[in-house]
Amino acid sequence: MSDAGSPWRLDGFPRAIAHFDGDAFFTSVEQALDPSLRGRPVVTGKERGIIACASYEAKALGIRRGVPLWEARRRCPDLVVLPSDYETYSLFSKRMFDIARRFTPMVEEHSIDEGFADFTGLRRLRRGDYAGAARELQQAIRDELGLTVSVGLSLSKTLAKLASKFRKPAGFTAVEGRHLHLFLARRELADVWGFGPNTVALLQKFGVRSPLDFARRPMEWVRRLLGKTGVEIWSELRGDAVYPLEVEPKSAYLTISKGQTFTSPSTDPDYVYARLVRNAESAFIKLRRHRLRARAMVAVLCRHHYERRAAGARLNRATSAIHEAVPLLRPLFEAVYESGASYRATMVILQELENDAEEQPDLFEDRLRIERMRAASRAMDVVRELYGKHRLALGTSLYLPRHPKTDRDEKPWRRTHLLGGETERRRIGIPMLRWPV
Amino acid sequence: MSRRLSWEEKLRRLREFCRRERRLPGYREAMALMQFSSSNAVFGMFARLAREGFVHKGPGGKLSPTGRLTGSVRLLGAVAAGFPSPAEEELADILSLDEFLIRRPEATFLLTVSGDSMIEAGIHPGDLVLVERGASPRNRDIVVAQVDDEWTLKYFVRDRDGVRLEPANRKYPPIRPRRSLTIGGVVRAVIRKYS
């Protein structure tokens, strides 16, 4: 390890930003609910055939996210393979952020299993230091949810994220201003948030070996090499926070996307197209639920080997009715579909969203047709409320059952253990323990 | 630069605060909650809340949340011109069944009971209990515990010799942990639904 040299700042925590990151979040949730899974190698993702999350016991056996299930089973015959239960994971996620908001209102829900909390100024409210408050948050999540998070505490989001990765699982790493140089010397460039393989390769070409080397370069040098984004990361690493916490809940969607991986790959164009249409239906349901309308739509097809092709188009007016959008879907599909190729997933992305409440008058619109489509959407929503999602669907969905069902279509435990009064579509929003008492 | 929050977002935050604290935020708290930079903005917000029937201005100007804010009376319908209806005024201080049964929403879980060790305490096989994790049990609380690697539902009793787990069923003896005791959670309520 190179000598870290002298510090460039001598302060403690001018800003105190914590990054908390769930350790193997999905499998930890499963293990928190079902004690028989504790200490065993567990993975989720049964329904996709690919591992979505691997418990630390499974990771110890070299099994990690993205590995195909057959390969994981070959490596570990005792592997517990579970179908993903995103509903329950989301309930835990929401609780994790609710707990964080008991400490500070400045909480960013970065993804389902990680977030940022700005503790700056809390020293005055709470006796004790920032590290104490961050540890308290970590402990509360452990006590109340029964799972661990790794926490990094430092002067910026980038530093906090780098610190939370330093010790895992259940790690705690606090890096104050005067110790930044020591910490950055011990990290790899590839660990830095925002540095992809290309950036790392470029930096190494210029003799930058560690995040510390990078942080010690002059700003002008960084700007010439990596531009504005590079300077932002450089400032963040030097302890000058540039990125604000996004504390707004993600209610204002910039885009809505719906995608699903097939249970097994398909070469059948009718089936692939039907899945694409089904995703469009789901996306429009979500769109209407948030009272939005979309002006643009993208169709994505994923090949067997993760290769993606996409095509997009603008609608002639923003709409919340699937019937207005679906005639566009066919040409988009034709543009990206290659016959004979094996597909494993489709996705529909709705873009240029706007509020559906405001009228959009247009002299050239066919009012009657539009009103009919709106009525059809309303009818579909009513049927969905009463009988469940996709009970009333577009004709292409007739191609959906054509695909053979596999054992991977297995449902998560919670969906097969409904309480009296719960339905396939609606369950009580409280996670259910599986403790044998 | 602080961004302005939408009215819906303000309501959402206020509701969350009320649910958590069972009260309205003070001026300073509201400033932090809403990212206001002046207390005047808080005054303006509360004025609008009162106008639209989300808070009630009592004698001496004391503010209290109404059911419209706490969300329990949505079925009563929209209030014309923002004046709360007499029914809504009366319903200002009601609890939802969730709030009645759950003290800490973040830490509370459902659990189906299969055994009969607490049957004399009215917990039958098949009943649902609401378990609060991370709570320290008080004497004679009903707890879910792991005793010497065995899960059990019992009264938590602290006596001269330490901790004893006592069933509410004459068929079973009390248990005294020998090697280990882990409290999984404290039972706060039992639910039995008749179909």
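## Domains of chain A

Chain A is assigned three domains: domain 1 (22-87), domain 2 (89-131 + 150-237) and domain 3 (256-405). These bounds come from an automatic or database domain assignment. Residues are numbered from 1 along each chain as its sequence is written, and chains are lettered from A and ligands numbered from 1 in the order in which they are written. Keep in mind that this is a predicted model, in which local features need pLDDT of at least 70, side-chain atom pairs count only at pLDDT 80 or more, and totals for chains, interfaces and linings use all residues.

Let's look at how two of the domains meet. The C-alpha centres of domain 1 of chain A and domain 2 of chain A are 28 Å apart. Nine residues of domain 1 of chain A are in contact with 11 residues of domain 2 of chain A; contact requires C-beta atoms, placed from the backbone, to lie within 7 Å. On the domain 1 side, helix H1 (25-33) and H4 of chain A each give two or more residues, and H1(A) gives the most, with three. That side divides into five nonpolar residues, one polar and three charged. Here Ala, Val, Leu, Ile, Met, Phe, Trp, Tyr, Cys and Pro count as nonpolar, Asp, Glu, Lys and Arg as charged, and the others, Gly among them, as polar.

## A look at chain B

Chain B has six helices and eight strands. Helices (H or I, at least four residues) and strands (E, at least two) are DSSP runs, numbered from the N terminus. Along the sequence of chain B, the pattern is α-α-α-β-β-α-α-α-β-β-β-β-β-β.

Of the 195 residues in chain B, 27% are buried. A residue is buried if 20 or more other C-beta atoms lie within 10 Å of its own, exposed if 12 or fewer, and partly exposed in between, with C-beta atoms placed from the backbone.

## Where the chains meet

Between the two chains, 22 residues of chain B are in contact with 18 residues of chain A. Helix H2 (27-34), strand E3 (108-112) and strand E6 (150-159) of chain B each give two or more residues to the side of chain B that touches chain A. E3(B) gives the most, with four residues. On this side of chain B, 11 residues are nonpolar, seven polar and four charged.

An open sheet of seven strands, with mixed pairing, runs in the order E13(A)-E3(B)-E4(B)-E8(B)-E5(B)-E6(B)-E7(B). Its edge strands are E13 of chain A and strand E7 (162-166) of chain B, each pairing on one side only. Strands pair if DSSP finds at least two bridges between them.

Strand E13 (residues 432-433) of chain A runs parallel to E3(B), joined by two bridges. E3(B) also pairs with strand E4 (residues 128-132) of chain B, in the antiparallel sense and over five bridges. Leu111(B) in E3(B) stands opposite Leu433(A), and it also stands opposite Val129(B) in E4(B).

## The nonpolar cores

The largest nonpolar core has 92 residues, of which Ala18(A), Ala117(A), Leu137(A) and Leu111(B) touch the most other members. Helix H4 (residues 86-103) of chain A gives the most to this core, with seven residues. Apart from this core lies another, of 29 residues, including Phe262(A) and Val348(A). A nonpolar core is a set of buried Ala, Val, Leu, Ile, Met, Phe, Trp, Tyr and Cys residues joined through C-beta atoms within 7 Å.
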